[in-house]
Amino acid sequence: MDDSKTQKAWGIYDETGIFVAVCRHGFCLLITDMVQSGELAKYPLAVVAKLLDAFGDNLGGGYDIGCQFNTTLNNSSIGALARSLHHTCLVGAFHGHAHRRLCQLFSLTTYIKGLGIEDLETCERTFSKSNSLASPLRYTTIFHRKQAIDSYFEHNDDLEVFSNLSNFLYSNYKQALDILTNGNDVLPNAMRDLGVTDVGVFESWLEEEKAYLKGPSTRARRRNATDGILAELLILPANSDALDAAMNLFGTPSRHCDITGSYDAQVANTRKTESTRRHVLEDYERNLKLVQALECKLDINVRWVPDDGEWQRVGRLVANRKYQRALDRLEGLVVARIFELAKMNKAGTGYKLRKHIAKALQTRSAAIRSALNTYNNIASAMFPPRQILKWDEVVEYAFLADFDLLRNARADISQTPWSSPAARSAMDLHFKMCRAQEEISRLNVEVRRLVTYIRDEDIYLQVCEDQLKATSPALAHQVAIHRNIRGRFNSRHLKRLHDISKLPGFSGTVVPGVSARTGPGESASAPNARTPANMFAGRIPVHNLSSPVGADTQEDLDEEEVTEEVTEEASRSLHKVLLITDDLSRLQLIDNVELE
C-alpha cells in the first residue's frame, strides 16, 4: 500500500475517525471526532480532562503509547490537575509487549499494583466490532454520521455489553482462579529450585532490573560534565592548530581564490574564509575558558602538553569512558532485546502478539545497529584494541550467557539471580498471581453490585409503573415496555451469578446489598413518577378577548377542517401502535413464562 496515496485519499474527509474511551466492561464513556487530522495528542488530553471532571481521583487509563502520553500529559495545561488527582497512564498488554523492556517495567499491566488481570485492550475489541460501521459513514451527512455512531454505541451498550456483563464477570473470576491454582502448584517448586524462601525477593528483583536498565544512562549523565571538560583539554591543541591554519588562510587569499575570476566570486570566497576564521576563533576561546576552569578546579599550575604523563593518563581515561558508554548502550539494547525475545518465545503467546513483538524488534534493530557501529569504531581506536562485534553475532544472542561482552561491562548481570530464564518465569508468575488476587477482590465487589442493581432497578420501574397507571395509562405502558427491555437479561445474569457462586474458590456473596447512591435517577432512589403537564396537549394560543376578532372566511374554515382530519388520523394511528405494542409485550411475557 502506498502511504502517500492513502494519506492523500483520506485528506478529502473532514472527520477522519473517532477517539473513544471505554470502561473495562466495554461500556462507551466518551466519543470525540478526529477532524482533519490523525490521532493527535489533543484528543486523549480532552478525554482525560473530561474523565477527571466526571470521575475524580485515582483513575488509570490504558493507551497504546501511554508511556509517551504520560510525558505529554504532565507538560500540558491539565498536568497539575492530573498529578493532584493521581491519574496513571498505562500501556495495554498487547501493545505493551512490543515496547522497550524498561517501559514495560513501569507501564505494563502485569507489574501495576491494583490493576487485576485487566489487559487494557477493550478499545481494540470495540473497534473490531464497529468496523462494519465505517463504510456507510463515508457518504453520509455530518448529522446522520453522528446519529449513526450514537445509535450504534447506544445499541451496543444496551443490548450487547450489558447482556454479556455477567459473562465478563464469570470469565474473569474463572481466569483469576485458574491463575492462582496453577501458581500455587508451580511457584513453590520454582522457588525451591532457585533457593528463594520469601516472595518479597521478587519485588527486589524487579527493582534491581529497573535500576540496571536505567543505570547506564544515569551514570552517563553524571559523567558528562567531567568527561566534557577533559575532552576539551585534549582537543585544545587541535583547536589552536586549526586557528593558526585559519589565520594563515585568511592572510594568503591568493592561494585559495581565483584572481582571474569575477569580483563577486572573490568577495564570496573572502567572506567564506572570514566566517571559517571567526568560527574557529570562537571555538578556541570557548575551549580555552573550559580548560582554565578545569585547571582551577584541579589545581594545575602548568598547562599540560601532549608529552606530559598526566596528559596521556587523562587521554586514556577519556577514551576508556567513551568506550564504556558505548558498551553500556549496546549492552542495554541487547539485554532488553533478549528479555523481549523471551516473551515472544514463551508458550501461550498468541500468533498475533508474536508478530507484533517481532515487528517492534525489527524496528528497534536499527538502534542496535547504530549502537554497534559506534561501539566498533571506539573499540578499534582503543589501545590495545578491544573486541569487535559483528551484527550476525549480536542478533543471534538468545540468552545472557551467550553475551560474552557483559563480562567487560561495569556489572556482569549474567551472574545475577533475576537474569536467568527460570528466575524471570517465576517472577512473572508471582506478579500474575498478585494481579489475580486483586481481580478476585474487585470482582467480589462487582458481583454484589450487579445483583443489587438488578433488584433495585426492577423494583423502581415497577413502582413507577404502578404510580402512573391511574393518571397516565399510556405512559405507564411505556414504562412497562422499558422495564421488560431492561429486564430481559436479568434471568441470564442471575443464572451466571449463581454459576460464579459455585466456582471452587469463590469468596464473595451473591446476596443483594444496600445501594449507597439514592439520588434522583439512581436505581435505589425513591420512585416519584409524574406525568408532564404538556406531554399530550400542545401549546394553545391565548387570544386577547378584548380585541376585535373578524369573521372566519371560507378559506379559514377549509384549513381548520383539514387540520382536524390530520389530527384525527394521527390519533387513530397512535392508538393502533399502542395496541400492537401492548399485544407484543403480552406475547413476550407469555413466551417468558412458557420458557421458565
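Let me begin with a term: pLDDT is the predictor's confidence in each residue, on a scale from 0 to 100. I start there since the structure before you is a predicted model. For the protein chain, the mean pLDDT is 75, and 65% of the residues reach 70 or more.

The protein chain contains 19 helices and four strands. It has 596 residues, of which 35% count as buried. Its accessible surface amounts to about 36500 Å², and carbon and sulfur atoms contribute 55% of that surface. Turning to contacts, if we take those in the protein chain with a separation of 6 or more, 72% of them join residues 24 or more positions apart.

Which stretches call for caution? Where pLDDT is low, the predicted coordinates should not be read in detail.

I now come to two individual residues. The first topic is T126, which lies in helix α7, spanning residues 122–129. Is T126 buried or exposed? Its relative accessible area is 7%, and the cut-off for buried is under 20%, so T126 counts as buried. Which residues does T126 touch, once its neighbours within four places in sequence are set aside? The contacts are with V22 and F153. A further pairing concerns A21: T126 and A21 are 105 residues apart in sequence, while their C-alpha atoms are 9.9 Å apart in space.

The second topic is R483, located in helix α17, which covers residues 473–487. The relative accessibility of R483 is 19%. Since buried means under 20%, R483 is therefore classed as buried.

What does R483 touch, not counting residues up to four places away in sequence? The answer is D458, L461, Q462 and E465. With two of these residues, the side chain of R483 also forms polar contacts. One is to the side chain of Q462, at 3.2 Å. Another is to the side chain of E465, at 3.3 Å.

To close, I return to the two residues. R483 is a buried residue of helix α17, with side-chain polar contacts to Q462 and E465. Thank you for your attention.

Notes: Residues are numbered from 1 along each chain as its sequence is written. This is a predicted model: local features need pLDDT of at least 70, side-chain atom pairs count only at pLDDT 80 or more; totals for chains, interfaces and linings use all residues. Side-chain values use heavy atoms; hydrogens and water are left out. Helices (H or I, at least four residues) and strands (E, at least two) are DSSP runs, numbered from the N terminus. Buried means under 20% relative accessible area, exposed over 50%, partly exposed in between (1.4 Å probe, protein chains only). Contact means heavy atoms within 4.5 Å. Accessible areas come from the Shrake-Rupley method with a 1.4 Å probe; for residues, only the protein chains shown count as cover. A polar contact is a pair of N or O atoms within 3.5 Å; within protein, one must be able to donate a hydrogen and the other to accept it, and residues adjacent in sequence count only if both atoms are side-chain atoms.
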